[in-house]
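Please consult the sequence and the model while reading.

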Amino acid sequence: MTTKAELVFIPSPGAGHLISAVEIAKLILNRDERLCISVLIMKLPMDFGIESYIQSLSSTPRLQFVDITVDDKTTARFLSNKETFFMDFIQGHKSKVKDFVHNTSFSRSSPVSNYRLAGLVLDMFCTSMIDVANEFSVPSYIFFTSSAAFLALCFHFESLKKEHHIDTSKYRDSVEELKIPGFKNSYPARFLPRLATDQTVVTTMFFNSVTRFKETKGIMVNTFAELEPFALQSLSVPQFYLVGPVVNFEEGGHSRNSQSEIESIIKWLDDQPESSVVFLCFGSMGSFDTEQVKEIAIALECSGHRFLWSLRRPPPKGKIELPSNYENFHQVLPEGFIERTNGVGKVIGWAPQVAVLSHPAVGGFVSHCGWNSVLESLCFGVPIATWPLYAEQQMNAFELVKDLGLAVEIRMDYFKGFEEKNEHIDIVSAKEIECGIRQLMADVNDNGIRKKAKEMKEKSSAAMKEGGSSYASLGLLIEDVLSNIS
């Protein structure tokens, strides 16, 4: 009987991390029948549509989902400290992971099933689970859901903070231009992710996680060699595998839209000329207050371009919730906007993003530059206008505009906190937005971004096919995993 290898995946809670993890798991299973994978699910209190997504995958062979979510009382205890909630929440599941691995390692090693545990695959925020892998004497791997450039930046700032003892808060709002490994161009300090410049307990926890990356046997990065050649020169240890673009092209299982909503959106797009529509969507956490919404509306109307706009209501202040759909768009949009733009534009709530980006009518994407959204856009050859909000999105925007020439800028130094804390709220003006949209949708673009986006579409597809760079890299990873049980 052939010995088979089991991998245990532990993704961060939240749709963006879970869906990417499941997609790479499916790719691994399709490549080698000796492998099986268990995905451990930690559910946050807010609903990301994860349940329906998992149910849509229930028939995938050799892939199982195990809910290890802690009880509501324990979750409420973590919520009492909003600053450290996310890391505490993950850490609080360690005993559940340990129980699962303990029980699974017994059952899989029985003569009947002949499975052996080959390792743990951990999300970039789940490094505390390395302790569990060590306890059971199996290796761990990281699945890094962001870019190679961000990974290089993480290692660089971990070194600045821990080895050189530099107070990186000095870079916040600085006009300094920095040489950062992973970037071709000098990097403006003011575009740095807040994690790199904050002096908070969360920042300390994050860079402790980055330090622990080096304890693993390898890092899978959701990118491909042809997209980030410069960033790759900065990555040396530990072993890394470029396995992207890992994108869920089917989407149906985790879409928050009803079938009738999707049909209505696609029918509207079907009636628009090719590459004529600008699509505005800001991710699962993206929303704006009324004043900013009005500036976007003015910009769209003045630009004269056809548009599809995913517009969502911000969560109540002080609450950890996702944005929701408006019951009535008239309450937030300028008076008469919907009537004046009728036939030219369509305002929607949640967007079936993959279905929209893959439609031939879409010619540009105004995006928050979350890495999953970037990869989806590139896979369909749609150029981007950058409007980052949080996390590493400002860095993604800089890389796309300055290093790769695949995007135009609306704003790159825009930061939107989840809680405003009476800070000055930054407003991007209608003029800035209109200018970015006009650049994005220009028939003849001086930067050649439309041509470059189409070229990157071909390269992204080739990377994942047999003989491609990511295909080969995934093969090396599978060989490494199987060597753990030989």
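Which kind of interaction joins the side chains of glutamate 23 and lysine 26? The two side chains meet in a salt bridge, with an N to O distance of 3.1 Å. The model under discussion is a predicted one.

## Salt bridges within a helix

The structure holds 17 salt bridges. Glutamate 23 and lysine 26 belong to helix α1 (residues 15-31), and because they are three residues apart there, about one helical turn separates them. An α-helix has 3.6 residues a turn, so residues three or four places apart point the same way. Glutamate 23 and lysine 26 are both buried.

A second pair, lysine 431 and glutamate 434, is found in helix α17 (residues 430-441), where the two residues are three positions apart, or about one turn of the helix. Their side chains form a salt bridge with an N to O distance of 3.8 Å. Lysine 431 has 62% relative accessibility and therefore counts as exposed, the cut-off being over 50%. Glutamate 434, in contrast, has a relative accessible area of 10% and is buried.

## A bridge between helices and a network

Aspartate 131 and lysine 94 form a salt bridge in which the closest N and O atoms are 2.7 Å apart. Aspartate 131 is part of helix α6 (residues 130-135) and lysine 94 of helix α5 (residues 94-108), so this pair ties together parts that lie 37 residues apart in sequence. Aspartate 131 counts as partly exposed because its relative accessibility is 29%, between the limits of 20% and 50%. Lysine 94 is buried, at a relative accessible area of 16%.

Some charged residues are joined in a network: salt bridges link Arg190, Arg411, Asp413, Asp426 and Glu432.

Which residues of helix α3 (residues 72-79) are buried? They are Thr74, Thr75 and Phe78. Viewed down the axis of α3, these buried residues fall within an arc of 100°, and they therefore line one face of the helix. Helix α4 (85-91) is included in what covers the buried residues of α3.

On the other side of α3, the exposed residues are Asp72, Lys73 and Arg77. The N-terminal end of α3 is capped by aspartate 71, which has a side-chain oxygen 3.1 Å from the backbone nitrogen of lysine 73.

Conventions
Residues numbered from 1 in each chain as written. Predicted model: local features only at pLDDT ≥ 70, side-chain atom pairs only at ≥ 80, totals over all residues. Heavy atoms only, no water. Salt bridge = Lys/Arg side-chain N within 4 Å of Asp/Glu carboxyl O. Helix = DSSP H or I, 4+ residues; strand = E, 2+ residues; numbered from the N terminus. Buried < 20%, exposed > 50% of the residue type's maximum accessible area, 1.4 Å probe, protein only. Arc of directions from axis to C-beta. Contact = heavy atoms within 4.5 Å. Polar contact = N/O pair within 3.5 Å; in protein donor to acceptor, adjacent residues only side chain to side chain.
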